[in-house]
Amino acid sequence: MPTLIKKSKIKKRDFLAFICMFIIAAGIFVYSSRAASNLGDINNDAKVDMTYLTFLLSNYGKSTAQLSDPDTDVDANGLVDIFDLSILLSNYGKTASSTPLNQTLGFNTLNLSASDEFTGAAGTKPSSSKWGAKQFTATNGSVVYWNGLNNVQLDGTGNLDIFAQRQASGTWNSSWISGTQSYTGPRYMEARAKVPAGQGVWSAPIWEWDAPYGSLGTENDVIEQLGIEPTSYHTTLHSGGTDSSKNNTTLSTLANDYHVYGAAVYADRVDYYFDGAKIQTITKAEMGNKWGFDATAMVLNISLDMGGWGGAPSAGLPSTVRMLVDYIRVYTP
């Protein structure tokens, strides 16, 4: 006589435990090839160990704004969660990198000079102590009216939301905000942003020009991304009527996710970074020695343009196009 097997109910806690283990296993699989050097050395002992794990767990569930150490957000998604834990566990026992950012960039020291994490209630405006807005008709063949602060807001989840809106006339309203603080000398700046896709979109989540309104023509475009070029973006320097622009192929469809765009300014060059890796350099010699990026007072800008270099906006674009910026940070010696 065949043995009867009784059916048993799966308890809710067992099911949740299974899901958690599955997520951890999936994270380990995805990140198993990630070198331990990509993990910050939280407690400065150059090891991914129990102390590191304890430190991460003490921050578990916190957002970027609440972190006692930003390195606990290993995947930089704004939250210490199961994916950070999975990355740590996949690297457990390995040696962590203890090389600080200033040494990587060649500076003796480096300090966070200014930042905006864009935390705040949904619909509120960015800090007036950090940002001002432009209100005029765009140039360079674009079809945007820079609509002051009307087309920029915080989204309530830690992002700056700049959005372009199509008008009945076929033109677009958008926003362009400019920093209130200027910088000179060597520095490193970066933004974590998600750019929109589509013909006619011209995204610039971080760039700088000479204070206060670019009258000298000294401009450092850390990223200009055209929606018609989904897996590349441009880095460009302008100074004294001389331009040098380079295209950077990323192999990633940029509109699909957030990426970190950075630039280190020196007396003889600007190095550009994508997701922490140096991908491009423009030198003073390439600019015919027309330089000023380290000596000229520069301010940061964030803008979303339509048309111009991005091409005529496609009729297939949604009526509202959004660019999200997670943070802006500037480091100086």
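The largest cavity is lined by Val195, Pro196, Ala197, Gln225, Gly227, Pro230, Thr253, Leu254 and Ala255. A cavity is a set of points, on a 1 Å grid over the protein atoms alone, where a 1.4 Å probe fits but cannot get out; lining residues have an atom within 4 Å of a point. The volume of the largest cavity is about 30 Å³. A volume is the space filled by probe spheres set on the points, with grid points joined across faces, edges and corners. The structure has one cavity of 30 Å³ or more. By class, six of the lining residues are nonpolar, three are polar and none is charged. Here Ala, Val, Leu, Ile, Met, Phe, Trp, Tyr, Cys and Pro count as nonpolar, Asp, Glu, Lys and Arg as charged, and the others, Gly among them, as polar.

The model is predicted: local features need pLDDT of at least 70, side-chain atom pairs count only at pLDDT 80 or more, and totals for chains, interfaces and linings use all residues. Residues are numbered from 1 along each chain as its sequence is written, and side-chain values use heavy atoms, with hydrogens and water left out.

The second largest pocket has a volume of about 360 Å³. A pocket is an open set of points with protein on both sides within 12 Å along at least five of seven lines. Its lining holds 16 residues, and Thr139, Asn140, Trp176, Trp207 and Asp305 lie nearest the centre. Helices (H or I, at least four residues) and strands (E, at least two) are DSSP runs, numbered from the N terminus. β10 gives the largest share, four residues. The lining of the second largest pocket divides into eight nonpolar, four polar and four charged residues.

Aromatic rings were examined next. Rings of Phe, Tyr and Trp (its six-membered ring) pair if their centres lie within 6.5 Å; planes under 30 degrees apart count as stacked, over 60 as edge-to-face and the rest as tilted. The count by this rule is 14 aromatic pairs. The ring centres of Trp291 and Phe293 are 4.7 Å apart and their planes stand at 80°, so this pair is edge-to-face. Trp291 and Phe293 are both buried. Buried means under 20% relative accessible area, exposed over 50%, and partly exposed in between (1.4 Å probe, protein chains only). Phe136, Trp146, Trp176, Trp207 and Trp209 are linked into a cluster by ring pairs.

A charge sits over a ring if NZ of Lys or CZ of Arg is within 6 Å of the ring centre and within 35 degrees of the ring normal. Arg269 lies over the face of Tyr266, 3.9 Å from the ring centre. Arg322 lies over the face of Phe163, at 5.0 Å from the ring centre.

Strand β14 (residues 259-265) is largely enclosed by the rest of the structure, because seven of its seven residues are buried. Both of its faces are covered. His259, Tyr261, Ala263 and Val265 lie on one side, and Val260, Gly262 and Ala264 on the other. Two strands pair if DSSP finds at least two bridges between them. Strand β9 (residues 187-194) runs antiparallel to β14 and is joined to it by seven bridges. Ala193 stands opposite His259. Five bridges pair β14 with strand β15 (residues 269-274), again in the antiparallel sense. Tyr272 in β15 is the bridge partner of Ala263. β14 and β15 form a hairpin, with three residues between them.

Helix α3 (residues 82-90) is mostly covered, with seven of its nine residues buried. Among them are Ile82, Leu85 and Leu88.

Several loop residues stand out by backbone geometry. The peptide bond from Ala211 to Pro212 is cis, with omega near -5°. Pro212 lies in the loop between β10 and β11. Phe118 is not a glycine, yet its phi is positive, about 55°. Phe118 is found in the loop between β1 and β2, and counts as buried at 1% relative accessibility. Asn289 also has a positive phi, near 65°. Asn289 lies in the loop between β16 (277-283) and β17. At 54% relative accessibility, Asn289 counts as exposed.
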